[in-house]
Amino acid sequence: MTDELLTFGQTLDYFAAQNPDEIVLQCAQLDGSVTALSRHELRIHSDAIALQLIDLGVNTGDLVPIILPTSVSFLVATTAIFKAGGTPMPVSHKLPDSERDGLLTLAKPKAVFSETDCGYPSVSTRVSTTDSLKMHSIPVRISDPIKALASGAPLANPN
């Protein structure tokens, strides 16, 4: 790699270019099957989803709730959010609707990852071949909390 600091997305893209077929995400399913993504597949999926998030108006630092079970889809969503400059907001998919809705009201998200309708634009982690063929470059974005962590600055003023 280079001596310059790279974003999370740029780092993933770098490793995808080095060894595109290496499996980077793998998750066993309840039915015994295994879902796996290569570095290249993660890059293609997360780029397409990041572009959807940007099209929905997600900006640097915006909270993007992920209301999914722990899975490859959850990790793809997280990667896409980072690439779009957003801040992932994991929310248990097991929460009662009233608690989930309260969290979403506070977050005011422009998009959510959810298998159920919760009143906000929903983004799917399923990417079609057509989506991957329409790939465009993603602007380099770094979420504000990630910038603060990288610089050592405090995340919030306690006063």
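Which residue of E5 is the bridge partner of Ile67? The legends below take up this question and others, for a model that is predicted.

**Figure 1. Overview of the chain and its elements in the predicted model.** The chain holds six helices and five strands, and from the N terminus on these elements follow one another in the order α-β-β-α-β-α-β-α-β-α-α. Of the 159 residues in the chain, 37% are buried. When contacts between residues at least 6 apart in sequence are considered, 65% of them join residues that are at least 24 apart.

**Figure 2. The open sheet formed by three strands, in the order E4-E3-E5.** The pairing within this sheet is parallel. Strand E4, residues 87-90, and strand E5, residues 113-114, are the edge strands, since each of them pairs on one side only. Helix H4, which covers residues 97-107, packs on the sheet and touches both E3 and E4, and the direction of H4 makes about 165 degrees with that of E3.

**Figure 3. A close-up of the pairing between E3 and E5.** Strand E3, made up of residues 63-67, is joined to E5 by two bridges, and the two strands run parallel. The opening question finds its answer here, for the bridge partner of Ile67 in E5 is Ser114.

**Figure 4. Lys108 in the loop between H4 and E5.** The phi angle of Lys108 is near 50 degrees, which is a positive value in a residue other than glycine. Is the side of the chain at Lys108 buried or exposed? Lys108 is exposed, because its relative accessible area is 64% and exposed residues are those over 50%.

**Figure 5. The place where helix H1 and helix H2 cross.** The axes of H1, residues 8-18, and H2, residues 39-55, come within 8 Å of each other and cross at roughly 140 degrees. Angles over 145 degrees count as roughly antiparallel and those from 65 to 115 as roughly perpendicular, and H1 and H2 are therefore oblique to each other. In this crossing, which is left-handed, H1 passes H2.

**Figure 6. The residues that make the contact between H1 and H2.** From H1, the contact is made by Leu12, Asp13, Phe15 and Ala16, while H2 contributes Arg39, His40, Leu42, Arg43 and Asp47.

Terms used: Residues are numbered from 1 along each chain as its sequence is written. This is a predicted model: local features need pLDDT of at least 70, side-chain atom pairs count only at pLDDT 80 or more; totals for chains, interfaces and linings use all residues. Side-chain values use heavy atoms; hydrogens and water are left out. Two strands pair if DSSP finds at least two bridges between them. Helices (H or I, at least four residues) and strands (E, at least two) are DSSP runs, numbered from the N terminus. Contact means heavy atoms within 4.5 Å. Axes are lines fitted to C-alpha atoms, for helices over the stretch in contact, and angles run from 0 to 180 degrees between N-to-C directions. Buried means under 20% relative accessible area, exposed over 50%, partly exposed in between (1.4 Å probe, protein chains only). Angles under 35 degrees count as roughly parallel, over 145 as roughly antiparallel, 65 to 115 as roughly perpendicular and the rest as oblique. A crossing is left-handed if the near helix is turned anticlockwise from the far one by less than a right angle, and right-handed if clockwise.
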